[in-house]
Amino acid sequence: MKKILLSVLLSAPLWVLGQGFQVNLQGQKQIGMAGAGSALALDEASVFFNPGAVSFLEKNSISAGVNPLLFKSAFQQSGSNITENVKNKIAPPFEAYAVWGPKSNRWKLGLGVYTPFGGLVDWGNDWSGKYALTSLNLKAIYFQPTLSIKITDRIGIGAGFVYNHGEVNLQRALPVNFPDGRSGHATLEGTGSGYGWNAGIYINTLSNITFAVVHKSKVVTKLDGGTATFDVPNSLKTSFPDGNTFNAELPLPSTTTLGIGVPLSSSTTLAFDASWVQWRVYKELAFDYAINTPALADTKSARNYRDGSSFKLGVNHKASDKLALRAGVGYAFSPVQDGYVTPEAPDADRYILSAGVGYAPTSRFEVNASFFFEDVKSRKQKNLETGLDGTFKTLVYAPGISLTYKW
């Protein structure tokens, strides 16, 4: 039993880094359009959305923004009429970009620092799924230097190198009891790093309809020396070695996006993005522990993901020289098959709604705000590894704001 417990326990922390906690909050203007915008040369966030469009930006600029994200998830165990909820905690995804290049030349340099994966969830220590998870805090911070070149007056290409710094802290109860009746507890934490790239093509046709093809590579994140700490009765200390370390690798999936921008008028533009995320790289996760015991062997945990996809439609309307209004809708298909949904990431197909506004008080300063909402469908199923059986329902709220300086 302890061997099965630890296999499940220690196979979770890195997996959640790249599943239901993919954060689509990388630019305030694009967030206001449900995340569409790869085919628009809107602003410095093109460093992320399409490096090929960066060379078409008229001005140099620097910006920074944040999206306080509130993750509201509820669970009802099968056969029960009691609904359990996560505690109210706010995760702070952020983005920062800089773009520079001589106006007389056909190239620009860019730098992006953003959080494409992350999450903060706390179910508490006494809920029905405490042996699957009590809390999770994770971050993946990408650093992306970028070069963009305008090869003709209507075609741009660009690419960036990606370095990922990841952090994770996962906690859950153990099915062993102290004399006072409280459960044992496990804390798993560590940091890792990985490398990849982001490249794109931007095409502006004679009719000013724009097209984009963007590919963000798989990023293999390596975690070396992660620590597992166990709070258990003294009689079980040898089976749950305190301070044990482990190594693992996590391939964060690649994403291919096709985008189109259609000018409806001189002040209004429609944007559409279709993305394919190659989640099938998650067949299993393997962990190598520095100290093995009869209860703690190196583990392989099946995931059997399928590819996911999303479709996003947004509109950007320039109401005046200083004011812009935005709105968007989208739909995303979950890559997680039945039997693999967990409280770390209670994922399902989801609807996306968003709105945004931009205001430029001067030619150099700009403020953009957005509101992003996801309605994750209810999903009833039984996890094949933990046995947790019930229905999850999740809502995600993310207001955001950014400041930009141009020259």
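Start by selecting F48: this residue is buried, with a relative accessible area of 11%. Keep in mind as you click around that this is a predicted model. Show both side chains and you'll find an aromatic pair, with 4.9 Å from centre to centre and 90° between the planes, an edge-to-face arrangement.

Now move on to F75 and W127. Their ring centres are 5.6 Å apart and their planes stand at 90°, so this pair is edge-to-face. To see what the pair connects, colour strand β2 (residues 69–77), where F75 lies, and then the loop between β6 (107–122) and β7 (135–150), which holds W127. The two parts are 52 residues apart in sequence, so the pair ties them together. Is F75 buried or exposed? F75 is buried, at 0% relative accessible area, and W127 counts as buried too, at 5%.

Zoom out and switch to the cartoon view. The chain has 21 strands and three helices. Its C-alpha atoms fill a box of roughly 75 × 45 × 35 Å along the principal axes. How does the radius of gyration fit a compact globule? For 407 residues such a globule would be near 22 Å, and the chain's 23 Å agrees with that.

The accessible surface comes to about 16900 Å², with 60% belonging to carbon and sulfur atoms. Of the 407 residues, 55% count as buried.

Key: Residues are numbered from 1 along each chain as its sequence is written. This is a predicted model: local features need pLDDT of at least 70, side-chain atom pairs count only at pLDDT 80 or more; totals for chains, interfaces and linings use all residues. Side-chain values use heavy atoms; hydrogens and water are left out. Helices (H or I, at least four residues) and strands (E, at least two) are DSSP runs, numbered from the N terminus. The radius of gyration is taken over C-alpha atoms; the globule rule is 2.2 Å times the number of residues to the power 0.38. Buried means under 20% relative accessible area, exposed over 50%, partly exposed in between (1.4 Å probe, protein chains only). Accessible areas come from the Shrake-Rupley method with a 1.4 Å probe; for residues, only the protein chains shown count as cover. Rings of Phe, Tyr and Trp (its six-membered ring) pair if their centres lie within 6.5 Å; planes under 30 degrees apart count as stacked, over 60 as edge-to-face and the rest as tilted.
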